[in-house]
Amino acid sequence: MIKIQGLHKSFGKLEVLRGINCNISEKEVVCVIGPSGSGKSTFLRCINLLEEVTAGSIYIDGVKINSKDTDINEIRKEVGMVFQQFNLFPHMNVLENITIAPKRIRKMHEIEANDLAYQLLEKVGLRDKASAYPEQLSGGQMQRVAIARAMAMRPKVMLFDEPTSALDPEMVKEVLDVMKQLAKDGMTMVVVTHEMGFAREMGDRVLFMDEGIIMEEGTPSEVFGQPKSTRTQDFLSKVL
Amino acid sequence: MIDFLDAIRFDMIWNYKELFIRGLWITLSLTAVGYVGGIILGLFLGIGKLSKIKWIYYPAKYYVDFFRGTPLLVQILLIHLAVIPSIFGHSLGYFVSGATALMLNCAAYNAEIIRAGIQSIEKGQMEAARSLGMPQGEAMRFIILPQAFRRMIPPLGNELIALLKDSSLVTVIAANDLLYAGKVVAGAYARFWEPYITVAILYLLLTWVFTKVIAYVEKRYSNSYIPSQRRRLFSFGRASAGG
Ligand SMILES: Nc1ncnc2c1ncn2[C@@H]1O[C@H](COP(=O)(O)OP(=O)(O)OP(=O)(O)O)[C@@H](O)[C@H]1O
Ligand SMILES: [Mg+2]
């Protein structure tokens with residue numbers, strides 16, 4: 001479903017991604033782990049073109065997305081993204097946060113969009129917060145709204161960039177639970193995370209990134225159980 | 001002191017009251033037209049100054065540099081005596097010239113305020129909007145600007161008051177504004193205290209009212225994004241922040 005070939009990304013002279021090859025199939029949950037600065041966020045941001053790709057190609061459903069002829073906005077409709085800092089729109093209430101994109105971009109009717117929003121809020125357990133404003137919510141609630149907001153575009157794949165890193169420990173679980181439910185519903189997901197428990201439990205595959213390449217990949221039991229490279233062993237010994 | 005007060009003749013102001021009322025009206029109209037035009041034009045210039053495209057950025061930048069770098073008085077004379085007659089073959093009257101000059105000048109200052117306001121919104125807001133598939137323009141209109149405008153209220157308010165006072169410069173092209181009324185009375189009676197004190201007090205009154213209004217708007221919008229209860233009183237039907 002997603003095919004990434006020879007992905008390079010540089011910021012000026014700094015080469016952050018140095019040749020990434022990766023295939024992600026439908027309904028797969030891929031967890032990306034690795035030390036800080038290894039390029040995990042940059043990798044995710046390239047998949048929905050928040051960063052301009054320096055070299056290499058990314059295909060989604062056979063369409064090359066980093067070419068001049070493709071409409072970036074069309075691609076992004078299909079790729080949802082959840083950020084570490086939530087990035088909810090503070091001047092809109094929860095319902096408006098979720099419905100603005102379906103209404104403006106998918107040209108969905110207001111009633112239909114609201115229905116969809118309530119369904120999604122039900123899923124993330126926040127139906128009663130529809131008219132609350134982001135500043136009235138806790139971090140965990142904000143992140144769950146952010147997930148619902150991304151889901152409202154009915155994307156083919158969801159990207160998560162450390163969705164629980166900005167949360168107080170007691171709120172991590174409620175967000176992970178929502179993500180687990182998404183995975184069970186068959187969503188294709190790429191998750192950058194420091195939550196090794198989540199990666200172990202939910203990941204179909206784990207990618208270990210280091211210095212701009214995928215150093216090691218495999219099933220969770222392979223990567224966590226018998227890591228091959230010494231870098232992976234080093235990293236895991238520090239975080240586990 | 002008593003002599004001085006006795007000598008004050010406010011009856012001469014009273015005799016010219018219509019001139020002052022008309023002056024107030026012209027001053028307010030010039031300020032309103034200049035300000036609204038200045039905000040709309042300033043919005044385009046401000047966004048232009050954020051553009052990565054050179055032929056948008058540089059015209060916006062040079063425009064702002066010119067209008068902030070030259071005196072408003074010079075701009076008024078240039079527009080009234082040179083630019084408009086050259087384009088239309090004759091003058092279009094003091095109001096058109098005055099309002100145009102005030103608008104063009106105000107736009108330059110507003111452009112900087114609007115640019116800074118937009119830049120002050122966290123990058124994540126634009127990224128979140130774009131990641132939902134919103135084109136740049138839509139994201140600007142529905143996500144960035146509604147937030148940025150709240151932060152722009154205090155500096156834009158200062159601009160309004162500055163513009164109100166600066167509008168007195170149009171007197172040089174014989175606009176019948178508030179200051180001009182004072183000048184006429186001064187000329188008629190050859191007395192200066194009464195007319196100019198009256199003019200000063202009227203300007204002070206206007207700026208006082210404006211300050212109150214701005215403080216109210218600021219208080220209402222800048223603390224929180226949650227609509228206050230007061231708003232419901234004035235809004236008919238459902239108020240939607242998203243539009
Ligand atoms: N916009 C940018 N301009 C310049 N350098 C950048 C930019 N974004 C990221 N970098 C650099 O790229 C490298 C990789 O960053 P990235 O955010 O992808 O790492 P990461 O693996 O997500 O780290 P973390 O776990 O801390 O989030 C870092 O050295 C960072 O400083
Ligand atoms: Mg990161």
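# A guided tour by selection

Across all chains there are 20 salt bridges, a salt bridge being a side-chain nitrogen of Lys or Arg within 4 Å of a carboxyl oxygen of Asp or Glu. The model is predicted, and local features need pLDDT of at least 70, side-chain atom pairs count only at pLDDT 80 or more, while totals for chains, interfaces and linings use all residues. For finding your way, residues are numbered from 1 along each chain as its sequence is written, chains are lettered from A and ligands numbered from 1 in the order in which they are written, and side-chain values use heavy atoms, with hydrogens and water left out.

Side chains of opposite charge can pair when their charged atoms come close. Select B:Glu122 and B:Arg151, whose side chains meet in a salt bridge at 3.4 Å, N to O. This pair links distant parts of the chain, since B:Glu122 sits in the loop between H6 and H7 of chain B and B:Arg151 in helix H8 of chain B, 29 residues apart. Helices here are DSSP runs (H or I, at least four residues), as strands are (E, at least two), and they are numbered from the N terminus. B:Glu122 counts as partly exposed at 43% relative accessibility, and B:Arg151 is partly exposed at 36%; buried means under 20% relative accessible area, exposed over 50%, and partly exposed in between (1.4 Å probe, protein chains only).

Next select B:Glu194 with B:Arg191, which form a salt bridge at 2.6 Å, N to O. Which of the two classes, buried or partly exposed, does B:Glu194 belong to? At 3% relative accessibility B:Glu194 counts as buried, whereas B:Arg191, at 26%, counts as partly exposed.

In chain A, select A:Arg127 and A:Glu122, which form a salt bridge whose closest N and O atoms are 3.3 Å apart; A:Arg127 counts as partly exposed at 43% relative accessibility.

**Helix H1 of chain A**

Select residues 40–47 of chain A, which make up helix H1, a mostly covered helix in which seven of the eight residues are buried. Those buried residues are A:Lys40, A:Thr42, A:Phe43, A:Leu44, A:Arg45, A:Cys46 and A:Ile47. After H1(A) comes A:Leu49, whose phi is positive, near 60°.

**Cavities**

How many cavities of 30 Å³ or more does the structure hold? There are two, where a cavity is a set of points, on a 1 Å grid over the protein atoms alone, at which a 1.4 Å probe fits but cannot get out, a pocket is an open set with protein on both sides within 12 Å along at least five of seven lines, and lining residues have an atom within 4 Å of a point. Grid points are joined across faces, edges and corners, and a volume is the space filled by probe spheres set on the points.

The largest cavity has a volume of about 80 Å³, and its lining includes A:Leu120, A:Ile147, A:Met151 and A:Leu182. Helix H4 (110–124), helix H5 (139–151) and helix H6 (169–184) of chain A are the elements that give two or more residues to this lining.

The second largest cavity has a volume of about 30 Å³, and the residues lining it include A:Met81, A:Phe83, B:Ser131 and B:Leu132. H5(A) gives the most to that lining, with three residues.

**The largest pocket**

Now select A:Leu50, B:Lys52, B:Met126, B:Arg130 and B:Gln136, which lie nearest the centre of the largest pocket among its 32 lining residues. About 1300 Å³ of space lies in this pocket. By class, its lining has 14 nonpolar, seven polar and 11 charged residues, where Ala, Val, Leu, Ile, Met, Phe, Trp, Tyr, Cys and Pro count as nonpolar, Asp, Glu, Lys and Arg as charged, and the others, Gly among them, as polar.

Select B:Phe66, B:Leu78, B:Val83, B:Ile87, B:Phe88, B:Leu92 and B:Val96, which make a nonpolar surface patch of about 600 Å². Patches are made of residues with over 30% relative accessible area and no salt bridge, with like charges joined within 9 Å and nonpolar side chains (Val, Leu, Ile, Met, Phe, Trp, Tyr) within 5 Å; accessible areas come from the Shrake-Rupley method with a 1.4 Å probe, and for residues only the protein chains shown count as cover. Helix H5 of chain B (residues 72–88) gives the most to the patch, with four residues.

Finally, select B:Ala200 in helix H10 (residues 193–222) of chain B. B:Ala200 and B:Arg220 are 20 residues apart in sequence and 30 Å apart in space, C-alpha to C-alpha.
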